[in-house]
Amino acid sequence: MAGWRRGRGMGASTRAHVARGVARAGAALWFGAALAIACIPVAAPLHAAPVPFDERLGADSLFARHVHDGLVDYAGIEGDRDLLDRSLRAAAEAPPETLRALAAPRQLAFYLNAYNLATIDLILRFRKERGGRLKSIQDIPGAWSRYSWKIAATDRTLDELEHRIIRLEFSEPRVHMALVCASRSCPPLPSTAFSGERLEMELDRAAREFVNDAFRNQFTPRDGKIRISKIFDWYGGDFVGHYRDQALDWLYGEKNGAVLAFASRYLPEETVRALRLKEAAIDYLPYDWSLNSAPPLSAPAAGAGAKKR
């Protein structure tokens, strides 16, 4: 009866042929899989290492070599120009997106250093042009508004750095003790660059030194008066809302009260008591615009009514 029949068993030669075919197919399949795996792109790490960023702009060496007791050895920097150019280049090439991602203290330290370095560069340009005889930054027409530097890929004047970025974006009154406008009555320039990690301590130290510097401020009442820096006249409003003392507000008004509340953090207790006890008239010291050069120039160019920084 016709129907399904079991096939006959394979011979030895047939079995060997089939085995070789299976082996070749397996090898081809393995090679193809290996090739496919090799061609798969390797994914980048989900969290790449952050790009190093130095808000100090490599300026520590420059300041350590050429800043002495808050004064600047401009002639020395002229002979060591590579250090300044390197720091200015670091400021210019700072990636804006990286800068914006930093914590606020690091951003502020970056801009403070950029401002002070740009100011030094401006002085050097005009010292060279005038044979080293520049006596004041005020002898440079449009010093704060005419000249610009590339800062984080954007051209910025000194005015823009100070008023549009440092004062406006960070709202930190102590910056007025850290911005150095190349003049004797400006705060002294530190011998190290500002650092985000140490900025709170650095600004506090700068404020303490400025408030207690008798050349720049005399907060202890004498003859019913105190004599303080013109900076507090120009920028006293920046201290309002940050520093407050009800007794000082009542005696001196909101702006001057805020300035004195700020200064009181750093003044001797007996001076603070005297300020709170009785209103003292406030006189602003003439602003000495002569260059903050070391050694001192013999002919200062002072002017109380000159344009504020």
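Biologist: Where is Ser-171 found?
Modeller: Ser-171 sits in the loop that runs between α7 and α8 (199–211). Keep in mind that this is a predicted model.

Biologist: What is the phi of Ser-171?
Modeller: It is near 50°, which is a positive value in a residue other than glycine.

Biologist: Back up a bit. How many helices and strands are there in the protein?
Modeller: The protein has 12 helices and seven strands.

Biologist: And what share of the residues is buried?
Modeller: Of the 309 residues in the protein, 44% are buried. The accessible surface comes to about 17,000 Å², and 54% of that surface belongs to carbon and sulfur atoms.

Biologist: What about contacts between residues at least 6 apart in sequence: what percentage join residues at least 24 apart?
Modeller: For the protein, that figure is 69%.

Biologist: Then at what angle do the axes of α6 and α7 cross?
Modeller: Helix α6 covers residues 104–129 and helix α7 covers residues 158–170; their axes cross at roughly 160° and come within 10 Å. Angles over 145 degrees count as roughly antiparallel, so α6 and α7 are roughly antiparallel to each other. The crossing of α6 past α7 is left-handed.

Biologist: Which residues in α6 and α7 meet?
Modeller: From α6 there are Ala-104, Gln-107, Leu-108, Tyr-111, Leu-112, Tyr-115, Ala-118, Thr-119 and Leu-122. They meet Leu-158, Leu-161, Glu-162, Ile-165, Ile-166 and Phe-170 in α7. The residues of this contact between α6 and α7 divide into 12 nonpolar, two polar and one charged.

Biologist: Why would residues three or four places apart point the same way?
Modeller: Because an α-helix has 3.6 residues a turn.

Biologist: Which residues of α7 are buried?
Modeller: Leu-158, Asp-159, Glu-160, Leu-161, Glu-162, Ile-165, Ile-166 and Phe-170.

Biologist: And what do those buried residues of α7 pack against?
Modeller: They pack against α6, β3 (148–151), β4 (154–157) and α9 (230–235).

Biologist: Gln-107 is in α6. Is Gln-107 buried or exposed?
Modeller: Gln-107 is buried, because its relative accessible area is 14% and the cut-off for buried is under 20%.

Biologist: What does Gln-107 touch, not counting residues up to four places away?
Modeller: Gln-107 touches Leu-99, Arg-100, Leu-102 and Phe-170. Phe-170 is also one of the buried residues of α7.

Biologist: Another one in α6: Phe-126. What is Phe-126 in contact with, leaving aside its neighbours within four places?
Modeller: Phe-126 is in contact with Leu-134, Ile-140 and Tyr-147. Phe-126 counts as buried because its relative accessibility is 7%.

Biologist: What separates the C-alpha atoms of Phe-126 and Ile-140?
Modeller: A distance of 7.4 Å, with the two residues 14 apart along the chain.

Biologist: How about α4 and α6: at what angle do their axes cross?
Modeller: Helix α4 (residues 81–93) crosses α6 at roughly 135°, and the axes come within 10 Å. These two helices are therefore oblique to each other. α4 passes α6 in a left-handed crossing.

Biologist: Which residues in α4 and α6 meet?
Modeller: Arg-81, Leu-84, Ser-87, Leu-88 and Ala-91 in α4 meet Phe-110, Leu-117, Ala-118, Ile-120, Asp-121 and Leu-124 in α6. The contact of α4 with α6 has eight nonpolar residues, one polar and two charged.

Biologist: Change of topic. Where is Asp-69 found?
Modeller: Asp-69 is in the loop between β1 (67–68) and β2 (71–72). Phi of Asp-69 is near 55°, a positive value in a residue other than glycine. Asp-69 counts as exposed because its relative accessibility is 80%.

Biologist: Last one, Ser-293. Where is that?
Modeller: Ser-293 is in the segment after β7 (281–284). Ser-293 is buried, with a relative accessible area of 6%.

Biologist: What is Ser-293 in contact with, leaving aside its neighbours within four places in sequence?
Modeller: Leu-71, Val-72, Tyr-74 and Arg-184.

Note on methods:
Residues are numbered from 1 along each chain as its sequence is written. This is a predicted model: local features need pLDDT of at least 70, side-chain atom pairs count only at pLDDT 80 or more; totals for chains, interfaces and linings use all residues. Side-chain values use heavy atoms; hydrogens and water are left out. Helices (H or I, at least four residues) and strands (E, at least two) are DSSP runs, numbered from the N terminus. Buried means under 20% relative accessible area, exposed over 50%, partly exposed in between (1.4 Å probe, protein chains only). Contact means heavy atoms within 4.5 Å. Accessible areas come from the Shrake-Rupley method with a 1.4 Å probe; for residues, only the protein chains shown count as cover. Axes are lines fitted to C-alpha atoms, for helices over the stretch in contact, and angles run from 0 to 180 degrees between N-to-C directions. Angles under 35 degrees count as roughly parallel, over 145 as roughly antiparallel, 65 to 115 as roughly perpendicular and the rest as oblique. A crossing is left-handed if the near helix is turned anticlockwise from the far one by less than a right angle, and right-handed if clockwise. Ala, Val, Leu, Ile, Met, Phe, Trp, Tyr, Cys and Pro count as nonpolar, Asp, Glu, Lys and Arg as charged, and the others, Gly among them, as polar.
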